[in-house]
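Visitor: I would like to learn how to read a fold from its coordinates, one feature at a time. Could we take a single chain and work through it together?

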Amino acid sequence: MAEGAPRDPSQVETSFTAGAMVASIVIGAILGGFIGASDAASHRLGDASEITLGIVGAVAGAAIAWFTVRRRLSTANRLKRWCRSHGWTWLGPHAPWGRGVVDFESAVRASHVFLVPGHWGDVLARDDESTPALWAIRAPRNNDSRKRIVGHLIVHVAGSCPDTTIVPADRAGLLPKLDGRHRVEFESDDFNRAWKVDSRDAARAFERIDQRTIEYLQSQSLKPMIEFIEQVIVFRFDETDVLSDEGRERCLAWCEGFTRAVPDDLLVGASFIARP
């Protein structure tokens, strides 16, 4: 990690202590009571109603805060255990930039595939010298329940490929406008119908996405969005479970297979899950 970079959070599991429990209950009760009483006052329901709704709000707020804090600690501890077993570092629910390992930020900010209008969920980092990577959860900002939580794997590549998106055709409409990119057509009509490929350099992209890559994409049940941008690949999984350990491992295994399907001079087959 570069000098001056932010420190990674502790990888030691955190217990839900009596102090944490009391603090969460007190804070939740205060906030809940204030909201309940304020709501009663805004509707001019009278002093008795203000007191009643204040008490109800305090009880509800305390319960919600207790449950939220306990659940959050449990999730963080589970992720820390998984990271220790598989060679990753837990960074928590915030932007992972500035750690000094690899500059992922500029590529991700320019990406069309990365879910930008959203909130950070848990981020995991793999500081492998040959293939550094980030696993990042993003949640849509609005409350549209039709939009799933999205998982991204962001991987540094040693080879070069023109900025290119490879997206399932039925989800291409989710991307912003791809200015300066051109549709790339391949010899397989089935592939052209199933996937939409756009690149700043269509001729070079045609060479980089070879028959082995096409066969891999066509043979898999998972269909993530993929983007080569600068020296990074961004994989976006939004049609599958990305929060459980099993779901994450399924996505990472898919990406391992993809790294073995692209030309070796672009990205040598990577391993994202440390195995005994």
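Visitor: In what order do the nine strands form the open sheet?

Guide: Please keep in mind that this is a predicted model. As a general idea, strands of a sheet pair through backbone hydrogen bonds, either parallel or antiparallel. Here the nine strands follow the order E1-E2-E3-E4-E9-E8-E5-E7-E6 in an open sheet, and the pairing is antiparallel. Strand E1 (89-92) and strand E6 (182-183) each have a single partner strand and stand at the edges, so one side of each is left without a neighbour in the sheet.

Visitor: How many bridges join E1 to strand E2?

Guide: Three bridges join E1 to E2, which spans residues 118-126, and the two run antiparallel. Within this pairing, Trp90 stands opposite Leu124 in E2.

Visitor: Which strands does helix H7 touch where it packs on the sheet?

Guide: Helix H7, made of residues 245-261, touches E2, strand E3 (133-140), strand E4 (150-156), strand E8 (225-229) and strand E9 (232-237), and its direction makes about 140 degrees with that of E9.

Visitor: Which residues of helix H6 are buried?

Guide: The general idea is that an α-helix has 3.6 residues a turn, so residues three or four places apart point the same way. In helix H6, which covers residues 211-219, the buried residues are Thr213, Ile214, Tyr216 and Leu217. They lie on the same side of H6 because they cover an arc of only 160 degrees around the axis. Their packing partners are strand E5 (164-168), helix H4 (189-194), strand E7 (195-199), helix H5 (202-208), E8 and H7.

Visitor: What caps the N-terminal end of H6?

Guide: The cap is Asp210, with a side-chain oxygen that lies 3.3 Å from the backbone nitrogen of Arg212.

Visitor: Why does His86 count as buried?

Guide: A residue is called buried when its relative accessible area is under 20%, and His86 counts as buried because its relative accessibility is 15%. His86 lies in helix H2, which comprises residues 47-86, and, once neighbours within four places in sequence are left aside, His86 is in contact with Arg126, Glu249, Phe272, Ile273 and Ala274.

Visitor: What percentage of the residues of the whole protein chain count as buried?

Guide: Of its 276 residues, 45% count as buried, and the secondary structure of the chain comes to seven helices and nine strands. Among contacts between residues at least 6 apart in sequence, 66% join residues at least 24 apart. The protein chain exposes about 14400 Å², of which carbon and sulfur atoms supply 56%.

Definitions and conventions. Residues numbered from 1 in each chain as written. Predicted model: local features only at pLDDT ≥ 70, side-chain atom pairs only at ≥ 80, totals over all residues. Heavy atoms only, no water. Pairing = 2+ DSSP bridges. Helix = DSSP H or I, 4+ residues; strand = E, 2+ residues; numbered from the N terminus. Contact = heavy atoms within 4.5 Å. Axes fitted to C-alpha atoms, helices over the stretch in contact; angles between N-to-C directions. Buried < 20%, exposed > 50% of the residue type's maximum accessible area, 1.4 Å probe, protein only. Arc of directions from axis to C-beta. Polar contact = N/O pair within 3.5 Å; in protein donor to acceptor, adjacent residues only side chain to side chain. Areas by Shrake-Rupley, 256 points an atom, 1.4 Å probe, with all protein chains shown as cover.
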